[in-house]
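Subject: Structure handover and what was found in it

Dear colleague,

Please find below the structure that I promised to pass on to you. My notes on it follow directly after.

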Amino acid sequence: MKRVFSGVQPTGNIHLGNYLGALKQFVELQNDHECIYCIVDEHAITVPQDPKELRKHILDVAALYIAIGIDPKKSIIFVQSQVSGHAELGWVLCCNSYTGELSRMTQFKAKSGGKESVGTGLLTYPVLMAADILLYDTDVVPVGNDQKQHIELTRDIAIRVNNKYGKTFVVPDGRFMKAGARIMALDDPETKMSKSAENIHSRISLLDEDSKIKKSIMRATTDSDGEIRFDPVNKPGVSNLLNIYSALTGKSVDEILAGQNWRGYGDLKKELVAVTQEALAPIKQNYEEIRESEELIRILKDGAERANAIAEPVMKRVRDKFGLGL
Ligand code: AMP
Ligand code: TRP
């Protein structure tokens, strides 16, 4: 069985983009893969965090993982900082990566641009991500499109180390969704949907109430020509709505359009509201049940133990290859 690893930052506002680009794949993969799903709290602290909020968000994401259908009996769910190999391997890989390649990362440029002082953690963020992945001899990494460059870097580092020290790491592949890989902001379809955008109507969070879902979709930016067709370049707003519709229902855009007689954007939006509300209802219900249960902590502790059991032999292999320790 191939091994899958992925992670999500515990930073609140998990949205439809996270779900359709990444989380939905997590669930699909668990039947025929050995899956490890991480809550990457060490990545979260590359920008300032309130400690109380961070702890809360760790449990929020853990509960969401289970609420969307990740089964802790099949998959490993754990918190990154509970397995020390991530930070340890992160350092080893820092010593095998270049500031040049790291400063070329789009995400680094976006997060550091215009700032007077830039935290080192923002620069080395993708090296820690490479460590997450390589620590488990991962074959497949399900993520959204925005992580493509980080996956490429992970592969580069793995190949570099393998060439220099002999076969040490499995070289992983990214896995991207056809429809959901890049969900755009509802208020500005030229930018991706994000957790941190100021306008709450730019995104749909997985736990949004029905009334909020309706408001955000009904006011989504479209265009003025009134024609419903899929054309991301000239009609990014409408295309984004069709894309979300497609990703939520599993139908292709052609299939969706063939079966409809919508008279305008309003009709498309109304139906998308219903489709979204229906998709999120069971997630919200499951979430409420799990979030407050004591079971959650037990699942995360058990997950960390199982993760560590896989990571430790890989770490030993790395120490041996590099001549670290005794
Ligand atoms: P993050 O919230 O940055 O930890 O992202 C968690 C996962 O969601 C990653 O696999 C991202 O690639 C994915 N993701 C984030 N934003 C989007 C988006 N707008 N569309 C599709 N996937 C996304
Ligand atoms: N960088 C990813 C993001 O922002 C989160 C992440 C951290 C990750 N480590 C990972 C994703 C390992 C996949 C595999 O979305």
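I begin with ligand 2, where a nitrogen atom of the ligand is 3.1 Å from an N or O atom in the side chain of Gln147, a polar contact being a pair of N or O atoms within 3.5 Å (within protein, one must be able to donate a hydrogen and the other to accept it, and residues adjacent in sequence count only if both atoms are side-chain atoms). Taken alone, ligand 2 exposes 360 Å², of which the protein buries 90%; accessible areas come from the Shrake-Rupley method with a 1.4 Å probe, and for residues only the protein chains shown count as cover.

Before going further, please bear in mind that this is a predicted model, in which local features need pLDDT of at least 70 and side-chain atom pairs count only at pLDDT 80 or more, while totals for chains, interfaces and linings use all residues. Residues are numbered from 1 along each chain as its sequence is written, chains are lettered from A and ligands numbered from 1 in the order in which they are written, and side-chain values use heavy atoms, with hydrogens and water left out.

A nitrogen atom of ligand 2 also lies 2.6 Å from an N or O atom in the side chain of Asp132, and an oxygen atom of ligand 2 is 3.3 Å from a polar side-chain atom of Gln9. Those residues are among the nearest of the 13 around ligand 2, together with Tyr125 and Met129, where near means that a heavy atom of the residue lies within 4 Å.

A polar side-chain atom of Asn18 is 3.0 Å from an oxygen atom of ligand 1, while a backbone N or O atom of Met193 is 3.0 Å from a nitrogen atom of ligand 1. Ligand 1 taken alone exposes 490 Å², and the protein buries 91% of that.

As for the overall layout, the protein is divided into domain 1 (3-181 + 295-322) and domain 2 (200-287), with bounds that come from an automatic or database domain assignment. Their centres, taken over C-alpha atoms, are separated by 30 Å, and the contact between them (heavy atoms within 4.5 Å) takes 15 residues from domain 1 and 15 residues from domain 2.

Finally, the cysteines: the structure holds zero disulfides, a disulfide being a pair of cysteine sulfur atoms within 2.5 Å. The sulfur of Cys94 has its closest cysteine sulfur in Cys95, and because these are 6.6 Å apart, they are too far for a bond. Cys94 counts as partly exposed, at 24% relative accessibility, on a scale where buried means under 20%, exposed over 50% and partly exposed in between (1.4 Å probe, protein chains only).
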